[in-house]
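The exercises below concern a disulfide and a sheet. Work through each one on the structure before reading its solution.

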Amino acid sequence: TVIVHDTTPPTITWSFTNLVLAADTNCSAVMPEVTGTNYIRATDLSEPLTIVQSPTNGTVLPEGTNAILITVLDAYGNTAYSTNLVIVRDETPPVITLNGTNPLYVELGRTFNEPGVVASDGCSGIASLTTNGTVNIGAVSTNELMYVAVDRSGNTNSITRSVIVQDTTPPT
């Protein structure tokens with residue numbers, strides 16, 4: 001009696017690297033199914049092959065780099081493994097809210113009091129908040145102030161406020 005038994009593990013011919021998923025509003029992403037031919041390809045003399053992943057699809061992944069293990073099994077239980085990375089990245093820009101009204105009005109020659117802005121980011125936090133522009137209170141004009149917020153993931157957002165310098169004081 002001759003028994004032919006396969007002791008050779010499957011061969012992984014290709015698998016994905018560094019799959020990037022956009023983080024949702026909870027700073028996480030749902031793990032997709034990565035056992036199909038768009039993500040891994042394998043061959044073996046003893047087909048059919050069974051391909052499983054850990055963590056399984058539907059698992060919530062946190063922001064950052066997550067290791068995914070893909071296991072390929074042949075009909076005799078021989079296995080091959082592929083460790084891949086799924087990167088959950090914050091791609092949402094920060095939110096900027098103007099304090100006060102837009103446009104703002106200031107009387108010619110009077111002091112301009114900047115009401116400011118509030119910037120927030122639900123995932124990585126604010127890295128910087130800058131104000132570009134100035135208000136010339138010595139001339140009747142429309143001045144633009146641009147506020148730029150950058151989160152710790154490098155996402156940027158901006159908002160502009162108009163400051164109108166006017167002369168409404170009657171002559172004496």
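**Exercise 1.** Determine the handedness of the disulfide between Cys-27 and Cys-123.

Solution. The model is predicted. Start with the bond: the sulfur atoms of Cys-27 and Cys-123 lie 2.1 Å apart, and this is the 1 disulfide that the structure holds. Next take the torsion about the S-S bond, which is about -110 degrees; the disulfide is therefore left-handed. Cys-27 sits in the loop between β2 (19–22) and β3 (28–30), Cys-123 in the loop between β11 (117–120) and β12 (126–132), and the pair, 96 residues apart, links distant parts of the chain.

**Exercise 2.** Classify Cys-27 and Cys-123 as buried, partly exposed or exposed.

Solution. Buried requires under 20% relative accessible area, and exposed over 50%. Cys-27 has 15% relative accessibility, so Cys-27 counts as buried. Cys-123 has 25%, so Cys-123 counts as partly exposed.

**Exercise 3.** Work out the strand order of the open sheet that contains β2, and name its edge strands.

Solution. Begin at β2, which pairs with β8 (residues 79–89) in the parallel sense over 4 bridges; here Leu-21 stands opposite Val-88. Then follow β8 to β7 (residues 64–73): these two run antiparallel and are joined by 10 bridges, with Thr-71 and Tyr-81 as bridge partners. β2 and β5 (50–54) each pair on one side only, as edge strands. From one strand to the next, the twist averages 30 degrees.

**Exercise 4.** Which residues of β2 are on its covered face, and which on its uncovered face?

Solution. In a regular strand, side chains alternate between the two faces of the sheet. In β2, Leu-19 and Leu-21 make up the covered face, Val-20 and Ala-22 the uncovered one.

Conventions: Residues are numbered from 1 along each chain as its sequence is written. This is a predicted model: local features need pLDDT of at least 70, side-chain atom pairs count only at pLDDT 80 or more; totals for chains, interfaces and linings use all residues. Side-chain values use heavy atoms; hydrogens and water are left out. A disulfide is a pair of cysteine sulfur atoms within 2.5 Å. Buried means under 20% relative accessible area, exposed over 50%, partly exposed in between (1.4 Å probe, protein chains only). Two strands pair if DSSP finds at least two bridges between them. Axes are lines fitted to C-alpha atoms, for helices over the stretch in contact, and angles run from 0 to 180 degrees between N-to-C directions.
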